[in-house]
Amino acid sequence: GVDSECIDTKAQYDPSERVFSWLEGDAINVFFGSSVNSKFVCQNSGKIAQFKGSIDVVTGGGEGLDENTSLWGVYPYSPDTVCDGNAITYTLPSVQPAEAGTIPSGLNPLLARSGNFLLSFYNVCGTLRFTVSNPDITKVTIRGNNREIVAGRVKITKDATPEVSEVLDGETELTMIAPNGGCFEVGPDYYFVLYPNDFTQGLTLTFYKEGYKATYEQKAYTLQRNGSARLRDKDKG
């Protein structure tokens, strides 16, 4: 068994650099092939960090890290995330938290697959960020006009980079409610995190305030993995 093994990691996401910095206490799932789910916790903050935990695997004269058996890492940690040795099954929430100027902690999924104890993490998703011009917007939703899958439970594979290989229980709309039951701030970016997709018939962004709602139609757009699009003040007027 590998007990209290420290795993070195590289990560991302800073909105200005699109780079993520780990924070002490962050937790990830670690799988050895199709092993049971194990929780590893970050020991230090920074763009490169060590995670500590334990995982029951057979090494030495038995099964080891080789080209057929990988070590997988998934952020954020969830007991519902599983691995079959070839793909990760992961759920991205369709109701997402709001935090002015950044992606909320624990929302943006990162995936690593390695033949050793150094895990380099990659973004699974892309982001659509928006701003508001009205001070009384309480909720914002976004959906693809061709009912594209933007969240939900999927299988993710990784060769060079992560890729959604199968949709198990998909969601076609994302919802964000303003923090603390209030309203979105005018000016700062807010980030939707969603699976990459080709929105062939465009997107619809809907803004809500008490007693009213209004929509904005965005033309056809392809959101790539690790890509980011910005929709500025589409509630104006």
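Predicted model: local features only at pLDDT ≥ 70, side-chain atom pairs only at ≥ 80, totals over all residues.
User: Why is Gln218 called buried?
Analyst: Its relative accessibility is 19%, and buried means under 20%, so Gln218 counts as buried. Gln218 lies in strand E20, residues 212–218.

User: What makes the pair of Gln218 and Tyr216 a polar contact?
Analyst: The two side chains come to 3.4 Å, and the cut-off for a pair of N or O atoms is within 3.5 Å. The pair therefore qualifies as a polar contact.

User: Which residues does Gln218 touch, not counting residues up to four places away in sequence?
Analyst: Gln218 touches Gly202, Leu203 and Leu231.

User: Why are strands E6 and E15 said to stand at the edges of their sheet?
Analyst: The sheet is open, with four strands in the order E6-E7-E14-E15 and antiparallel pairing. E6 (82–83) and E15 (162–171) each have a single partner strand, so one side of each is left without a neighbour in the sheet.

User: How do you know that E6 and E7 pair?
Analyst: Pairing requires at least two bridges, and E6 and E7 (residues 88–92) have two, in the antiparallel sense; therefore they count as paired. Val82 stands opposite Thr89 in E7.

User: What makes up the lining of the second largest pocket, by residue class?
Analyst: The lining divides into eight nonpolar residues, one polar and two charged. Glu163 and Arg225 are in the lining, and Glu and Arg count as charged. E15 gives the largest share of the lining, four residues. The space in this pocket is about 170 Å³.

How values were computed
Residues numbered from 1 in each chain as written. Heavy atoms only, no water. Buried < 20%, exposed > 50% of the residue type's maximum accessible area, 1.4 Å probe, protein only. Polar contact = N/O pair within 3.5 Å; in protein donor to acceptor, adjacent residues only side chain to side chain. Contact = heavy atoms within 4.5 Å. 1 Å grid on protein atoms, 1.4 Å probe; cavity = no way out; pocket = protein on both sides within 12 Å on 5 of 7 lines; lining within 4 Å. Points joined across faces, edges and corners; volume = space filled by probe spheres on them.
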